[in-house]
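Student: I'm new to this one and would like a close look at a single part of it. Could you walk me through the charged pairs and what surrounds them?

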Amino acid sequence: MRIDVGGTSMGAIVAGLCALGMDHAERVERVTDIARHGRRLLTPTLPLIALSSGRHLDRILAEHLISMPIEDLLLRFFCISSNLNRAGEVIHERGPLWPAVRASLALPGIFPPVYAAGDLLIDGGALDNVPADVMRGRVGNGCIVAVDVSPEVEPLTAAPFEAGMSGWRVLECRLNPFVPPVAGISTLDFKGGLALIEVGYRHAIEALSKSGLAERFVT
């Protein structure tokens, strides 16, 4: 049975570790090691392009995902980034693994974009956070298991404001927001996210059991 794996942003890291042939225990160990660095991944710099220089992130990804060509991975892999120049989606399925993943998780304003042949690439979540459509194009009529970790929230309605907007008022709202962090885990809370591994595992088992696909994943 052929298996394809793919993802966007953090999903690109997890898919990359799977594509390298690591078992569950080693994947958790690698992700834990990445998360252990936590805020150190955000190496401050003069914020003309981004808050972080991205140097520490580059080193960590190169260490854990290596530069093996995507074409040589054990499982077929892809990840998604967003092209700032062309306002379009980029599907990475060839070339070195870790630079592709680095592009996929280049959070705008947090990490610098990735330069690629004259274009600037940023986090794929800007255009396609759950690339199930890309996966469908790769596997045809095969089964797809997609995981969406986006929080379930009600659409926000912008507060009314007059033509003259006060930056101080905006700052006040950001310092004292009306919407609390979903489940207490923020986007950059690397260490806190580790607590979701067991929760996610149990939820996946339950979902697969209900779907009738569980037996397909028994090895």
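Student: How many salt bridges does a search of the whole structure find? Please take me through some of them slowly, and then stay a while with the helix that interests you.

Tutor: The search turns up nine salt bridges, and keep in mind that this is a predicted model. Before we zoom in, here's the setting. The protein has eight helices and five strands, and along the sequence they run β-α-α-α-β-β-α-β-β-α-α-α-α. Of its 219 residues, 32% count as buried.

Let's begin with Arg138 and Asp4, whose side chains meet in a salt bridge at 3.3 Å, N to O. This pair links distant parts of the chain, with Arg138 in helix α5 and Asp4 in strand β1, 134 residues apart. Are the two partners buried or exposed? Arg138 has 15% relative accessibility, so it counts as buried. Asp4 comes in at 12%, so it counts as buried too.

Now compare that with Arg94 and Glu71, another salt bridge, where the closest N and O atoms are 3.5 Å apart. Arg94 sits in the loop between β3 and α4, and Glu71 in the loop between α3 and β2, so this pair ties together parts 23 residues apart in sequence. Arg94 is exposed because its relative accessibility is 62%, while Glu71, at 39%, counts as partly exposed.

Arg86 belongs to the loop between β2 and β3 and Asp119 to strand β5, so parts 33 residues apart in sequence are tied together here. Arg86 counts as exposed at 58% relative accessibility, whereas Asp119 is buried, with a relative accessible area of 11%. There's also a network: salt bridges that share partners join Arg2, Asp4, Arg76, Glu93 and Arg138.

That brings us back to Arg138 and its helix. In α5, the buried residues are Val134, Met135 and Arg138. Looking down the axis of α5, you'd see them fall within an arc of 100°, so they line one face of the helix. What does the buried set pack against? The buried residues of α5 pack against β1, β2 and β3.

Asp128 is buried yet has no salt bridge, and the nearest side chain of opposite charge is Arg138, 12 Å away. Setting aside neighbours within four places in sequence, Asp128 is in contact with Thr8, Ile80, Glu89, Asp133 and Val134. So much for the charged residues; now for the nonpolar ones. The largest nonpolar core has 26 residues, and Ile13, Leu61, Leu65, Phe77, Leu97 and Val101 touch the most other members. The largest share, five residues, comes from α1.

Notes:
Residues numbered from 1 in each chain as written. Predicted model: local features only at pLDDT ≥ 70, side-chain atom pairs only at ≥ 80, totals over all residues. Heavy atoms only, no water. Buried < 20%, exposed > 50% of the residue type's maximum accessible area, 1.4 Å probe, protein only. Lys, Arg positive; Asp, Glu negative; His and termini not counted. Salt bridge = Lys/Arg side-chain N within 4 Å of Asp/Glu carboxyl O. Contact = heavy atoms within 4.5 Å. Core = buried A, V, L, I, M, F, W, Y, C linked by side-chain atoms within 4.5 Å. Helix = DSSP H or I, 4+ residues; strand = E, 2+ residues; numbered from the N terminus. Arc of directions from axis to C-beta.
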